[in-house]
Amino acid sequence: MTAPIPASAIDELLEVMARLRDPQGGCAWDLEQTFATIAPYTIEEAYEVADAIQRGDMTDLEEELGDLLLQVVFHARIAEELGAFAFEDVARAITEKMIRRHPHVFGEVKMRSSAEQTLAWEEAKAKERAARGESWLDAVAVTLPALTRAVKLSARAARVGFVWPSLGEVMAKLHEEVGELEAEVAAGDRTRIGAELGDVLFVCANIARALDIDPDDALRATNAKFVRRFGHIERRLAEDGRTPDQSTLEEMDGLWDEARAADRAIR
């Protein structure tokens, strides 16, 4: 008996995943996976989607979105096998949520501006969280990258007025925290050094939020800049038949300054 022809690309993908997880003739690797084992892949695929977007590569974006969709289908298939829920339940739940949170589109509420809609969205989410007995900060996922989570935590606190009144005060707090870090470094207590370094990074996240700059994007750009400039050092040393470990710090500093000057000339 032949399998029915899927009605859509989604149906076909669901069928492929069902075959992969079939104990009779499925894929051994896929059958071994659990929510926990594939969660890291889900996070990785989301980052690869973001990377394709940043590079403006539509071909890669199409592929990476497919990889991310596969992760959703994989999780949903495992849940279905456990009798918890299926892919259709996931799709239905998000559809109902989007309709519920957009009464200006699907209901009788008048059209809102983008700012008004953002506020209404947050109010709707707050009501849903309150109904579940959650804290104001519970909506910020613990699994987010720490710097991103710091921005989101401070942003949520700011919505209820728990925020430094001005950027100048945040900058002053940064100087204060750096001073405390320096003091702990001098004292040599690594536990307290780590705590103070965390405080410095949290204030930096607040500065990013206040300036409406994504700190991950900013750091990603700086990482790329570092790679580019260090590559200049490697190329210049290679001209003399040497590698960085065969040079001095002073030499590499000089070549780094060359790379900086080149960057400034381009700007």
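Serine 154 touches Phe202, Asn206 and Arg209, leaving aside residues up to four places away in sequence. This residue belongs to a predicted model, in which serine 154 sits within helix 8, spanning residues 146-158. With a relative accessible area of 4%, serine 154 counts as buried because that value falls under 20%.

**Helix 11 and its packing**

- Helix 11 runs over residues 215-238 and has 24 residues, and the distance from its first C-alpha to its last is 34 Å, close to the 34 Å expected at 1.5 Å a residue.
- At the start of this helix, a side-chain oxygen of aspartate 214 comes to within 2.8 Å of the backbone nitrogen of aspartate 216.
- The buried residues of helix 11 are Pro215, Arg229, Gly231, His232, Ile233 and Leu237, and the partners against which the buried residues of this helix pack are helix 8, helix 10 (190-210) and helix 12 (249-266).

**Cysteines**

- The structure holds zero disulfides, a term that refers to a covalent bond between the sulfur atoms of two cysteines.
- Cysteine 27 has a relative accessibility of 28% and is therefore classed as partly exposed, and cysteine 204, at 34% relative accessibility, is likewise classed as partly exposed.

**Salt bridges around arginine 55**

- The count of salt bridges in the model comes to 18.
- Arginine 55 forms one of them with aspartate 57, where the closest N and O atoms are 3.5 Å apart, and the side chain of arginine 55 also meets that of aspartate 60 in a salt bridge, at 3.1 Å from N to O.
- Arginine 55 is partly exposed at 43% relative accessibility, while aspartate 57 is partly exposed at 25% and aspartate 60 is partly exposed at 25%.

- Glutamate 80 and arginine 77 form a salt bridge in which the closest N and O atoms are 3.7 Å apart.
- Both glutamate 80 and arginine 77 lie in helix 4 (residues 58-81), three residues apart, which is about one turn of the helix.
- An α-helix has 3.6 residues a turn, so residues three or four places apart point the same way.
- Glutamate 80 counts as partly exposed at 40% relative accessibility, and arginine 77 counts as partly exposed at 24%.
- A network of salt bridges links Arg21, Arg77, Glu80 and Glu81.

Notes: Residues are numbered from 1 along each chain as its sequence is written. This is a predicted model: local features need pLDDT of at least 70, side-chain atom pairs count only at pLDDT 80 or more; totals for chains, interfaces and linings use all residues. Side-chain values use heavy atoms; hydrogens and water are left out. Helices (H or I, at least four residues) and strands (E, at least two) are DSSP runs, numbered from the N terminus. Buried means under 20% relative accessible area, exposed over 50%, partly exposed in between (1.4 Å probe, protein chains only). Contact means heavy atoms within 4.5 Å. The expected span of a helix is 1.5 Å times one less than its number of residues. A polar contact is a pair of N or O atoms within 3.5 Å; within protein, one must be able to donate a hydrogen and the other to accept it, and residues adjacent in sequence count only if both atoms are side-chain atoms. A disulfide is a pair of cysteine sulfur atoms within 2.5 Å. A salt bridge is a side-chain nitrogen of Lys or Arg within 4 Å of a carboxyl oxygen of Asp or Glu.
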